[in-house]
Amino acid sequence: MSDPAIDTLRADRALVVVRASRLEDPVALCRALAAGGIRTVELTYTTPGLTDLLARVSAETREEEIVVGAGTVLTAEQACAALAAGARFLVTPGLPPEAVEIVAAGHAAGAAVILGALTPTEVLTAHTLGADAVKIFPARALGPRHLSDLRGPYPEVDLIPSGGVDEDNAAEFLRAGALAVTAGTSVVQPADVDEARWEQITTNAAHFRAALR
């Protein structure tokens, strides 16, 4: 059964994870990214006030093709709070002790769950727990070849590399079999967010999308 968040990732082949010490206008940020061709945005629990940010984006972009989710989810409590605020997908950095509960909460709310992993054993565990996709983190540690090797025994698992992915290597990760790639500060620089340089962020997103081709 397809999931809207996963379907959008499959179409765009990219998402952006936003790590900022503060985020005054999450709606403008998400719209700037969507204008550049990246509609899936992961706001993380490392940013203060995450649930309020999610609620604002969810309420103000309801009729737009923007898919916002919560990242750095470590507990079922965080998962439920993010879902209640409107998160359409959940992402963990690894396999937290409450991974089973996080997956259950996400699926009960109709949201996709992307569990983090690095090793073959962790990928298998994440898939067995019901993850809709598996985030390979940190992707820079072993590179595209590692992802290609994982695709051998796990061709049915959707893999999303994160951490160290930029315009120079994103296409290589896709050729290695990634469902999509995760952009970070190469697209969303904290200084651009602080100064509300939305046009620059749109340009960065468009350049990143172009590099995927």
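What covers the buried residues of α2? In this predicted model, the cover includes β1 (14–18), β2 (40–44), α3 and α10. Helix α2 spans residues 26–35 and is mostly covered, with seven of its ten residues buried. These are Pro 26, Val 27, Ala 28, Leu 29, Cys 30, Ala 32 and Leu 33. Gly 37 follows α2 and has a positive phi, near 100°.

Two helix contacts of α2 were examined. The partner in one is helix α3, residues 50–60. The axes of α2 and α3 are 9 Å apart, and the packing angle is about 60°. Angles of 65 to 115 degrees count as roughly perpendicular and those under 35 as roughly parallel. The pair α2 and α3 is therefore oblique. Their crossing is right-handed. On the α2 side, the contact is made by Pro 26, Val 27, Cys 30 and Arg 31. On the α3 side, Leu 53, Arg 56, Val 57 and Glu 60 take part. By class, the residues of this contact divide into five nonpolar, no polar and three charged.

The partner in the other contact is helix α10, residues 198–211. Here the axes are 7 Å apart, at an angle of about 40°. The crossing of α2 and α10 is again right-handed. From α2, the contact draws on Ala 28, Leu 29, Ala 32, Leu 33 and Ala 35. From α10, it draws on Trp 198, Ile 201, Thr 202 and Ala 205. The class count for α2 with α10 is eight nonpolar, one polar and no charged residues. An α-helix has 3.6 residues a turn, so residues three or four places apart point the same way. Among the buried residues of α2, Pro 26, Val 27 and Cys 30 belong to the contact with α3. Ala 28, Leu 29, Ala 32 and Leu 33 are also buried, and these meet α10.

Helix α10 also holds His 207. The C-alpha atoms of His 207 and Pro 93 are separated by 26 Å. Along the chain, these two residues are 114 residues apart.

Strand β2, part of the cover of α2, contains Thr 40. Thr 40 has a relative accessible area of 1% and is therefore buried. Beyond its neighbours within four places in sequence, Thr 40 is in contact with Thr 8, Leu 9, Ala 14, Leu 15, Val 16, Val 67 and Phe 89.

Strand β5, residues 112–117, is mostly covered, with six of its six residues buried. Ala 112, Ile 114 and Gly 116 point one way from β5. Val 113, Leu 115 and Ala 117 point the other way. Strand β4, residues 89–91, pairs with β5 in the parallel sense over three bridges. Val 91 has Ile 114 of β5 as its bridge partner.

Strands β5 and β6 also pair in the parallel sense, over four bridges. The bridge partner of Ala 117 in β6 is Ile 136. Strand β6 covers residues 133–136. Ala 133 and Lys 135 point one way from β6, and Val 134 and Ile 136 the other way. All of these residues of β6 are buried, Lys 135 included.

Notes: Residues numbered from 1 in each chain as written. Predicted model: local features only at pLDDT ≥ 70, side-chain atom pairs only at ≥ 80, totals over all residues. Heavy atoms only, no water. Axes fitted to C-alpha atoms, helices over the stretch in contact; angles between N-to-C directions. Parallel < 35°, antiparallel > 145°, perpendicular 65-115°, else oblique. Left-handed = near helix turned anticlockwise from the far one by under 90°. Contact = heavy atoms within 4.5 Å. Nonpolar A, V, L, I, M, F, W, Y, C, P; charged D, E, K, R; others polar. Buried < 20%, exposed > 50% of the residue type's maximum accessible area, 1.4 Å probe, protein only. Pairing = 2+ DSSP bridges.
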